[in-house]
Amino acid sequence: MSATPAVLADDPTRTLAEIWGELLDLDPDAVPADVSFLRLGGDSVLAVRMSALVRRRLGVQLALTDVRVDTTLAELVALTSRRSSGGVSAAALPVQLRRRDDPQAPFPLLPLQQGYFVGQQHGWELSYDSAHYYLDLGLSDVDPDEAPDALADALRRLAVRQPTLRARVTPDGHQRVLPLDAPGAIPTPRVLDLRADPEPQARLTQVRREMSHHGPDPTHGPGVDIRLTLLPAGHGRLHLSLSLLLVDGWSSNVLTRELLTLAADWNATLPPLDVDFADYVTTLSDLPASPAWTADRDWWRAHLAHLPQPPALPLTRDPRTVTPVTMTNRESRLPAATWAAVRQRCADHGVTPSSALLAGYGAVLARWAGHHRMLLNTLQLNRLPLHPDVHRVVGAFASTMLLPLDLTPDATVAELAAHIHRRLGDHAAHNLVSGVEVARDLARRRGTHRPIAPVVFLSTIGMDAAMGEPAPRHAGPLGAVDVADHHHQLRTPQVALEARLFELHDELAVVFSTVEEIFDRTQVDRAFAEFTAYAAALADPETWTAPVSLPAVADPAVAVPGVRLGQPDDAPNPDGTAEPGDAGPVPGPPRDDLEQRIAAVFGAVLGEPVHDRAADFFALGGDSLLAVRALAALARNGLAGMSIQDFLAASTVAGVADAVR
């Protein structure tokens, strides 16, 4: 193992200043030693990138708790010096990168992938047959003769470079990468020529509808669907439909950038990758054996009893009665000057823009729901710095983190933003256990199979800067690319409402994605207008000292008329009638051959013998993915016929036996 150069170990100041200068667009000589990364313009996304660069250039691994936005350069210099000299005993990460012996062997799904996999089989309310993200980008000055071949060649080379583009998900919930010569391994783009079509916009609308409503499914074929539409006057659209089972938000950015770079030049080469997603996932499978993972799990379990309910937003229909097609978007943008002013105000108050905007989101939800304590779900990029190349790999790295909010009435914007900034930091320090795993524990505790946190917040502010270079604006034969001229749709299982924040050049895009079938449209419009007005108002220094209007009630009222988000399983049906009572099966050993066969399947899947016909599969440690495997095992034993939802409703040996009968 090569040693870190002594000069860097003794005095890493210059190298760290260069890293900060690169990430924050500052002169390294002008980086002050006593001003925090945050106040200089950094954020949590850039902090993760900073950690990767420190590892690459100094050979020093930073612990997860070290990657803080309020760190100063002087503090980071001292820390890296101690780490490189062995003065700090704590391991930077509880696991080390583990390479796989067989690149084609199956490997597990990560927790969020498992949730999407089960959702695609309609295992949850608010499920879809494909969990995916659709995007199309505007093109101009397209070469119609060269563009199709350039795109096909670029996609082929990208599938060689990024094995995830060749991945498939198996029926039992594993993933594997197909070899390059396997039939169908290399995805191929489709081209639609509408240059002579009398109604090109109508045909374009059809393409968007098809790709947004019916996404790629890696259980049956490629997880990416890429197409090119040629339009009159040299215009075009690049369409990308990406399965969430394989590609997360950061990866979609990586994929698009690399695809455009390769399309721009037949001879273009990209820096080699020394790690892949399968190696990363294999390494994470070692986490549960580490004391650090156990400590994070225990921390979350200690907090379960105190986690609030999701915001009790009024609904027009019970989510259990709808089959949504796709989520509806509302989008607004903060102009460059306003967004720059917002970032400056956030830095002045020592909070990230994401924290300040999350405070406004929480306040809007509180007024809408009528209470100020609530549980939200936040989507996290979650790429542990196991290797310097991790940030350039395409894969489904993303995770979730449950975030309880307790918004104090009459607090100022600055006070709420500071509170949420601290809360985000406190909870992110325990991110070795994902929000999906915490939600499973919480669902078992509450005895429910309904979504625990169906209201989501996602911020990728700082992603472009963290990637180190701007997205390509010209792609050779594909012409000029305008990422601001985009159309996008989202289909995420178990999510009723998601707020997304991302940057487009120098502007901030603010998006609400909702399951329109369950909300009053005017209420969503009003909430979105409130949130966008709040975001713009953050540019004004006086906004930060103003009190935030919040309801005095802390938690959802026990008896509120109408259907509300987050109602328990035994809530009244949409017609006002209550579910019939069910005392459950009588405990005891399996009573007949059928129950014995089912108990044997339960035991084989759970890894422990099951002797009680009334024992619940999930209370015994089962989860949604194991439920899928149990159903497959039951089918192999000639006991087919149950859906996942049937299993959720009757997840005991006796209950399954009754359903089979």
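Colleague: Where in the chain is the place of Val 548?

Modeller: In this predicted model, Val 548 sits in the loop between α16 (521–537) and β16 (563–564).

Colleague: Why does Val 548 count as buried?

Modeller: Its relative accessibility is 11%. Buried means under 20%, so Val 548 counts as buried.

Colleague: Which residues is Val 548 in contact with, leaving aside its neighbours within four places in sequence?

Modeller: They are Ala 363, Arg 367, Asp 410, Ala 411, Thr 412, Val 413 and Leu 416.

Colleague: What makes Thr 400 count as buried?

Modeller: Thr 400 belongs to strand β11 (residues 399–406). Its relative accessibility is 10%, and the cut-off for buried is under 20%, so Thr 400 counts as buried.

Colleague: Which backbone nitrogen does the side chain of Thr 400 reach?

Modeller: That of Val 436, at 3.2 Å. A polar contact needs N or O atoms within 3.5 Å, and 3.2 Å falls within that cut-off. Val 436 is also among the residues in contact with Thr 400 beyond four places in sequence, a list including Leu 112, Asn 377 and Ser 434.

Colleague: How many residues has the largest nonpolar core, and which have the most contacts inside it?

Modeller: The core has 197 residues, and those with the most contacts inside it are Trp 20, Tyr 361, Phe 617 and Phe 647. Helix α12 (residues 353–369) gives the most to this core, with 11 residues. Beyond four places in sequence, Trp 20 is in contact with residues including Val 31, Leu 40, Met 50 and Leu 73.

Notes: Residues numbered from 1 in each chain as written. Predicted model: local features only at pLDDT ≥ 70, side-chain atom pairs only at ≥ 80, totals over all residues. Heavy atoms only, no water. Helix = DSSP H or I, 4+ residues; strand = E, 2+ residues; numbered from the N terminus. Buried < 20%, exposed > 50% of the residue type's maximum accessible area, 1.4 Å probe, protein only. Polar contact = N/O pair within 3.5 Å; in protein donor to acceptor, adjacent residues only side chain to side chain. Contact = heavy atoms within 4.5 Å. Core = buried A, V, L, I, M, F, W, Y, C linked by side-chain atoms within 4.5 Å.
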